[in-house]
Amino acid sequence: MTGVATAIVPILLLLGGGAAIRRWFVSDPSFWRGLEWMSYRVFTPALFVTSVASTDLGSVPLGPLAVSVAAPILVATGVIVVLRRPLRAGGPQLTSLVQGSIRINTYIGLVFASSLHAAEGTATFALASAVVVPLVNVISVSALSRFGDRLGDSRKPPLWKEMLVNPLIQGVALGLIVNLSGVSLPGPVSSTIMLLAAPALVCGTLISGAALRWSFSRRDILDIGITATVKLIALPLGAVAIAFTFGITGPTLTSILLITAVPTAPSAYVLASRMGGDARLMASITGVQTVLACVTIPLLLSLLNVSS
């Protein structure tokens, strides 16, 4: 429990700090867009490179890990789509329910993984991300293409291209290449990447705090409740249950729980805005889930005893 407390306190402080900085000190949206760009495209990929390159891949059951995180996500998506008619959800509303049930806030998961299992935790979480990030992007973009409001210019690059240029996937891929090749990066290059990786966790969590929004209607309470139940409880429980059947333990099990238990990413709001989703509902779902996850993640880690 001490490790969980060590992880959650910095997250709460940084989330609150990000919200406070945006409200009272730096409210310019362009600043936060720039910081998000740097964090998403530079700092976090660099962290993935350094962590994956240095981990012992032989100790990570990649196949069972992939099944454990992918299967519950696919099931959750199917459940939300089936519930569309009973919920009387319009197309844009449905896309936000889908995103709110499966997308992940990588930064919060990374802070937990790093605090609980240091470099090995970061590496296994990065490998789990290499499975989850493309999967949830395929599902989210497909849902928005099918059900989103098509008013305005909805042109977008092909899905395969979006996956290919995703910086998180590129970071994991480069780390795997370095690891499997057995070739060490030159000292100056390695040191530079490590310096770029250092701000990833702090900046990512500050950005998540700055993105919190609190504005929702009475109808939104039902939608927020459904997505929170699926994303923060059902999804991680399903993933851990599958992982147990494979005999997965240690940092890999922790990463499986974390990557399915973290709240929806603020980037879901951006995607909803660009592709005709219900952006207002998406912002509300993200804000509530981020706060609730600070309670549900420690509870799950403690109750399931997967952080030791």
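The model is predicted, so local features need pLDDT of at least 70 and side-chain atom pairs count only at pLDDT 80 or more, while totals for chains, interfaces and linings use all residues. Residues are numbered from 1 along each chain as its sequence is written, and side-chain values use heavy atoms, without hydrogens or water.

Start with I73, F112, L258 and I297. These have the most contacts inside the largest nonpolar core, which has 71 residues. Such a core is a set of buried Ala, Val, Leu, Ile, Met, Phe, Trp, Tyr and Cys residues joined through side-chain atoms within 4.5 Å; buried means under 20% relative accessible area, exposed over 50%, and partly exposed in between (1.4 Å probe, protein chains only). Helix 6 (residues 106-147) gives the largest share of this core, 16 residues. Helices are DSSP runs of H or I with at least four residues, numbered from the N terminus.

Keep I73 selected. Leaving aside neighbours within four places in sequence, I73 is in contact (heavy atoms within 4.5 Å) with I102, V132, L135, V136, I139 and L235. A second, separate core has eight residues, including I224, A268, A272 and L281.

Next, select helix 8, residues 167-181. Its 15 residues should span 21 Å at 1.5 Å a residue, and its end C-alpha atoms are 21 Å apart, which agrees; the expected span is 1.5 Å times one less than the number of residues. Among the buried residues of helix 8 are P167, L168, G171 and N179. Just after helix 8, G182 takes a positive phi of about 75°.

Finish at V295, in helix 14 (residues 279-304). V295 counts as partly exposed because its relative accessibility is 49%.

Terms used
Helix = DSSP H or I, 4+ residues; strand = E, 2+ residues; numbered from the N terminus.
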